Amino acid sequence: MMMKSPDQNGHFGIYGGRFAPETLIPALTELEKHYNFSKNDKEFQSDLKKYLQEFAGRPTPLYYAQRLTKKIGGAKIYLKREDLCHTGAHKINNTIGQALLAKRMGKRRVIAETGAGQHGVAVATVAAVFGLECEVYMGTEDMERQSLNVYRMRLMGAKVSPVDSGSRTLKDAINEAMRDWTTNVRTTHYILGSVLGPHPFPVMIRDFQKVIGREARQQIRKAEGRLPDFLLACVGGGSNAMGLFYPFLNDRTVRMIGVEAGGHGIESGKHAARFADGSVGVLHGTMTYLLQDDDGQIRLTHSVSAGLDYAAVGPEHSYYHDRGRIRFTHATDQEALAAFDLLSRVEGIMPALESAHAVAHVVKLAPRLKRNQIIVVNLSGRGDKDVMQVAKIRGVKL
Amino acid sequence: MSRIDHTFSGLRAKKEKALIPYIMAGDPYLERTEELVLAMEQAGADIIELGVPFSDPIADGPVIQQAGQRALKWKTSLKDVLKLVSDIRKKSEIPIVLMTYYNPVHKFGVENLFKAAETSGVDGLIIPDLPPEEGRAVLEQSRRSGLDWILLSAPTTPMKRLRFLSEQTQGFLYYVSLTGITGASLKDLSEVRARLKMIRRMTDKPVAIGFGVSTPEQARALGRMADGVIVGSAIVRLVEQHLEDPELPSVVAGFVKRLKHALTGKPI
């Protein structure tokens, strides 16, 4: 199959591109130049490898979830344990790469947006280890539901700036981070957290995340002597999904499913399922599927998981969606919460509410498959950050 | 010759500079926007920049963001703004430029928009998140129609690109005075002066300076360097302070008059 990288202007077919204010265009060009250079630069690659192994704890295991497999009945379920990365999610793969680039570009300050706080924590972490000044923008609604991560960022010396505009979630945090970047572009690098934004962010972040799929490919071959039948991952912006899927795109027998946030259900209008209920538009620098109204205003989204609560999706996902290479479905808040419980009790692994959406779909998919079929689920993050929120939802006081 | 070209050449002949006030369409509501446009024209505005509200205005500071939110409370849409312009056209020939983010344009359809805008009497479009490389459809339509696609350039824009932008822009070149968002405060005029000198060597097209211009004094200083000055947040803040005030149009007109005096060298 295709495995077509974007054209030189960052277009995946009609998607992607660089819809950015003129002030940022030179910074994006500079980033692209440095990124392209770093791809073949031995020193950069060896630094990256070193930090991924010794600091982030790669490779992460591919774990055969035997009890879950038995409980659900059907295909064999493997979990790619990104939750075991330092800081608790796959986000660190990207932030290490971008922080190394920021240093090379001579930028002393990094900024970021965060939804669930996992990306923010991963940025605060690399800022600490590389000695960079750090400011993270976070919607006030997300700060409330992810207060633990807010404090974690502050403990590592980052400034966390509340964003009180719009829906007070990820979308608004990105708006504010882009405004900061526009203002401080000469000294600051914006560490975007997902395969979103203007070129070169989507392709660069995918490349930093594809280590997930590359490892998983080797690991499953070693464990099973063959490639999996299905790959499953939750999709907010879509970086964990693209990281897992990308190295398998040419493997025709491997089917891929991205799971979006179904919120209270598609009919309710309160969700973040861009492929189920969205249309093509431009948000935050890229052309892609998004949730918008008839006037082109961005719709408010809802998800129990802050990391999936976003109106747009990475442009490369839109491209493979249209070509039929990646299929998309969704799981509701309730289904994700049930999956959160299930994995905690059956495997002793508490998934992030984001990743719980992927687990929720495995519950539906595995029983329909044969016992010799294999599913690899990306367990993109751990659920420690969600404990307070889950307790609150259930009316438990801690 | 387009209305915008006509305005600039008329002003050049008089050795005057264009005053381009910005307001958000639908803030506080559409009927008021029409009154404000007419009042600003009376007070000496040469071109009007009308903001089209968007839910996620990444190039705008808090003042214009909130104006957009107020306009969106009434669900003010691009379609409404086009209707507004055609209403204004019954009473005024002042050039009107729409400033809109790209997504509402994309949703409306580029070709449809150009048709509708031309019929309504819109003279130009400013789309801050659409660089020329992504705007092939817009460029094609603007060349075919009487509408100008006005491009922006920034203090960070390298020489080669600056030349490209000044070649591509229509009507005038919008020079963003500072690295930042609308409503930020402009402190260093010497950098602006140096950049403008460079731009002047590249193009004969009119250049208007915007972002960070908030006082008549600043307008005067910047007017000496360019062909026009765009004032946005300072006016929108006045609107915000007088939302319910029946005198809103005359309050805004008073400020516009002072800006125009500053530009024409009269006592402020």
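Here are some questions and answers about the predicted model above.

Q: What should I know about numbering and about what counts in this model?
A: Residues run from 1 along each chain as its sequence is written, and chains are lettered from A and ligands numbered from 1 in the order in which they are written. Side-chain values use heavy atoms, with hydrogens and water left out, and in this predicted model local features need pLDDT of at least 70, side-chain atom pairs count only at pLDDT 80 or more, and totals for chains, interfaces and linings use all residues.

Q: How many aromatic pairs does the structure hold over all chains?
A: Rings of Phe, Tyr and Trp (its six-membered ring) pair if their centres lie within 6.5 Å; planes under 30 degrees apart count as stacked, over 60 as edge-to-face and the rest as tilted. One such pair is A:Trp181 with A:Tyr190, which is edge-to-face at 5.9 Å centre to centre and 65° between the planes. Over all chains, the number of aromatic pairs is 15.

Q: Is A:Trp181 buried or exposed?
A: Buried means under 20% relative accessible area, exposed over 50%, and partly exposed in between (1.4 Å probe, protein chains only). A:Trp181 has a value of 1%, so the residue is buried.

Q: How many residues apart in sequence are the parts that B:Tyr174 and B:Phe211 tie together?
A: The ring centres of B:Tyr174 and B:Phe211 are 6.0 Å apart with planes at 90°, so this pair is edge-to-face. Helices (H or I, at least four residues) and strands (E, at least two) are DSSP runs, numbered from the N terminus. B:Tyr174 is in strand β7 (residues 173-176) of chain B, while B:Phe211 is in the loop between β8 (207-210) and α10 (216-223) of chain B, so the parts tied together are apart in sequence by 37 residues.

Q: Which ring has the charged end of A:Lys76 over it?
A: A charge sits over a ring if NZ of Lys or CZ of Arg is within 6 Å of the ring centre and within 35 degrees of the ring normal. A:Arg81 lies over the face of A:Tyr63, 5.9 Å from the ring centre. For A:Lys76, the distance to the centre is 4.8 Å, and the ring is that of A:Tyr64.

Q: How many residues of helix α9 of chain A are buried?
A: The buried residues of α9(A) include A:Phe201, A:Met204, A:Arg206 and A:Asp207. This helix (residues 201-209) is largely enclosed by the rest of the structure, because its buried residues number 9 of the 9.

Q: What is the volume of the largest cavity?
A: On a 1 Å grid over the protein atoms alone, a cavity is a set of points where a 1.4 Å probe fits but cannot get out, and lining residues have an atom within 4 Å of a point. Grid points are joined across faces, edges and corners, and a volume is the space filled by probe spheres set on the points. The structure holds 6 cavities of 30 Å³ or more, and the largest has a volume of about 320 Å³.

Q: Which residues that line the largest cavity are the closest to its centre?
A: The lining divides into 8 nonpolar, 16 polar and 4 charged residues. Here Ala, Val, Leu, Ile, Met, Phe, Trp, Tyr, Cys and Pro count as nonpolar, Asp, Glu, Lys and Arg as charged, and the others, Gly among them, as polar. Of the 28 lining residues, the closest to the centre are A:His90, A:Lys91, A:Gly307, A:Leu308 and A:Glu354.

Q: Why is A:Cys134 too far from A:Cys85 for a bond?
A: A disulfide is a pair of cysteine sulfur atoms within 2.5 Å, and the structure holds 0 of them over all chains. A:Cys134 is buried, at 7% relative accessibility. Its closest cysteine sulfur is in A:Cys85, too far for a bond because the distance is 19 Å.

Q: Which residue does a cis peptide bond join to A:Arg58?
A: This bond has an omega of about -5°.

Q: Is B:Lys75 buried or exposed?
A: B:Lys75 has a positive phi near 55°, although the residue is other than glycine. B:Lys75 is found in the loop between α3 (62-73) and α4 (78-88) of chain B. At 61% relative accessibility, B:Lys75 counts as exposed.

Technical notes:
On a 1 Å grid over the protein atoms alone, a cavity is a set of points where a 1.4 Å probe fits but cannot get out, and a pocket is an open set with protein on both sides within 12 Å along at least five of seven lines; lining residues have an atom within 4 Å of a point.
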